[in-house]
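Work through the exercises below with the model open beside you. Try each task before you read its solution.

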Amino acid sequence: MTTFDHAILACPITKENLRMVDLNQTQLAFFEKYKPHFQGFINDSNTVVYPVVQGVIVLLPNYAMLANGEEKPMPFDKDRVFRYYNQIEYEQLDDSIVYSDAKKFVDFRPVNKTYLENALKRVSKYIAPTGKYCLDIASGPIGLKEYLELSAGYEWRICIDISINALIQAKKNLGEEKGIFICGDITNIPLQAEVCAAVISQHTLYHVPKNEQETAVRELYRVAKEGACIAIVYNWFYHSLLMNIALLPLQVYRVIRHLLGKFYVKLWPSKPRLYFYPHSYFWFKNLGYGDKLNIYVWRTLNVQFMRLYIHDWLGGQKMLQFFQHLEDRFPKTMGFLGDYPLIVIKK
Ligand SMILES: C[S@@+](CC[C@H](N)C(=O)[O-])C[C@H]1O[C@@H](n2cnc3c(N)ncnc32)[C@H](O)[C@@H]1O
């Protein structure tokens with residue numbers, strides 16, 4: 001953790017550089033359950049201190065210790081996601097540790113294996129194969145092998161996530177030697193500008209409050225080096241024409257449940273529920289990146305489609321090969337029609 005160049009870090013509150021310091025135990029009482037290493041980072045003006053917890057550098061404003069005693073609470077919708085991912089359990093899947101809700105979003109039956117693996121490898125088509133820093137923003141525990149391998153050619157994978165627990169798991173899955181583990185927010189990335197040779201963000205932007213998603217994209221762009229690619233895996237949900245046609249009654253039910261969920265969390269805020277808001281294809285196209293922004297397919301089919309239509313006895317393998325062929329041949333069209341697009345911005 002200490003061997004990388006700390007000059008890449010930025011204080012998310014004052015934007016100053018950070019340097020490493022020893023912290024005394026009383027300052028860290030709040031973090032006792034994480035068994036702190038008595039190390040931390042302080043900004044240039046000595047006004048903000050951030051702890052290091054089990055090798056994770058905690059650069060999230062709500063965990064910061066400010067000299068003036070001020071606190072930086074999170075807004076409601078971000079706090080929902082924060083609490084959800086800090087309370088979630090983990091489980092073993094083959095050789096890896098993944099979120100215990102992974103099966104809700106991914107159909108891991110053997111019939112889907114190749115199709116799912118191909119989607120997980122797709123980002124590598126667009127980012128440079130080698131470089132110094134590959135930023136994986138909102139990395140989660142990095143459970144799946146193909147996802148882990150995306151940064152194989154890089155000196156460092158910078159894993160940033162809002163959840164300290166996820167980063168502790170990521171450290172186990174990735175190993176300490178090639179990883180920099182930072183607890184931080186995608187809408188206020190605690191890195192200096194132009195640091196990263198590649199930026200990946202999978203399945204996170206749609207969990208960011210709708211009015212902050214543009215800020216998050218601008219942050220991903222800010223920390224990318226000139227010429228680097230930013231790869232964002234997104235979910236169109238009810239904007240996906242193909243899924244709407246193929247799953248119509250189910251999609252209507254899902255949209256109603258999604259809208260009711262928004263009231264439910266306000267009425268019973270104690271149970272953390274995941275926030276979700278999908279912007280449309282045209283929203284991304286109108287962000288102002290012009291030809292630098294292209295939308296390809298990551299995966300056409302969602303978990304609901306797979307559970308309903310993909311079965312060995314229904315020729316599931318053949319059906320998936322057909323979709324795979326369409327995705328390889330028409331990546332932009334399928335990125336528009338399918339459920340999961342891959343938004344690529346070249347800086
Ligand atoms: C669905 S998981 C995706 C994890 C991983 N990227 C993957 O593809 O398996 C979403 C992750 O985003 C993180 N997250 C949510 N909001 C965030 C934010 N504002 N800043 C940083 N991470 C965030 C969560 O803690 C969680 O680990």
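Two residues are in contact if their C-beta atoms, placed from the backbone, lie within 7 Å. The structure shown is a predicted model.

**Exercise 1. Contacts along the chain**

Among contacts between residues at least 6 apart in sequence, find what percentage join residues at least 24 apart.

Solution. Begin with the contacts in the protein whose partners are at least 6 apart in sequence. Of these, 67% join residues at least 24 apart.

**Exercise 2. Overall build**

State how many helices and strands the protein has, and decide how its radius of gyration relates to the globule rule.

Solution. Step one is the count: 12 helices and 14 strands. Step two is the radius of gyration, which is 20 Å. For 347 residues the globule rule also gives 20 Å, and the value for the protein is close to that, so the protein is as compact as a globular protein of that length. Step three is the box filled by the C-alpha atoms along the principal axes, roughly 65 × 45 × 40 Å. Step four is burial: 39% of the 347 residues are buried.

**Exercise 3. The nonpolar core**

Which residues have the most contacts inside the largest nonpolar core, and why does this core lie between the domains?

Solution. The largest nonpolar core has 90 residues, and Val58, Leu135, Cys196 and Val199 have the most contacts inside it. Strand 12 (residues 224–233) gives the most to this core, namely 7 residues. Domain 1 and domain 2 both give residues to the core, so it lies between them. Now take Val199 by itself. Leaving out residues up to four places away in sequence, Val199 touches Leu135, Ile137, Leu220, Val223, Ala224, Ala228 and Ile230.

**Exercise 4. Around the ligand**

How many residues surround the ligand, and which are the closest?

Solution. The ligand is surrounded by 19 residues. The closest are Tyr85, Ala138, Gly140, Ile162 and Gln202. By class, the shell has 8 nonpolar, 8 polar and 3 charged residues. Helix 1 (residues 76–87) supplies the largest share of the shell, 3 residues.

Definitions and conventions: Residues are numbered from 1 along each chain as its sequence is written. This is a predicted model: local features need pLDDT of at least 70, side-chain atom pairs count only at pLDDT 80 or more; totals for chains, interfaces and linings use all residues. A residue is near a molecule or strand if its C-beta atom, placed from the backbone, lies within 6 Å of it. Helices (H or I, at least four residues) and strands (E, at least two) are DSSP runs, numbered from the N terminus. Ala, Val, Leu, Ile, Met, Phe, Trp, Tyr, Cys and Pro count as nonpolar, Asp, Glu, Lys and Arg as charged, and the others, Gly among them, as polar. The radius of gyration is taken over C-alpha atoms; the globule rule is 2.2 Å times the number of residues to the power 0.38. A residue is buried if 20 or more other C-beta atoms lie within 10 Å of its own, exposed if 12 or fewer, and partly exposed in between; C-beta atoms are placed from the backbone. A nonpolar core is a set of buried Ala, Val, Leu, Ile, Met, Phe, Trp, Tyr and Cys residues joined through C-beta atoms within 7 Å. Domain bounds come from an automatic or database domain assignment.
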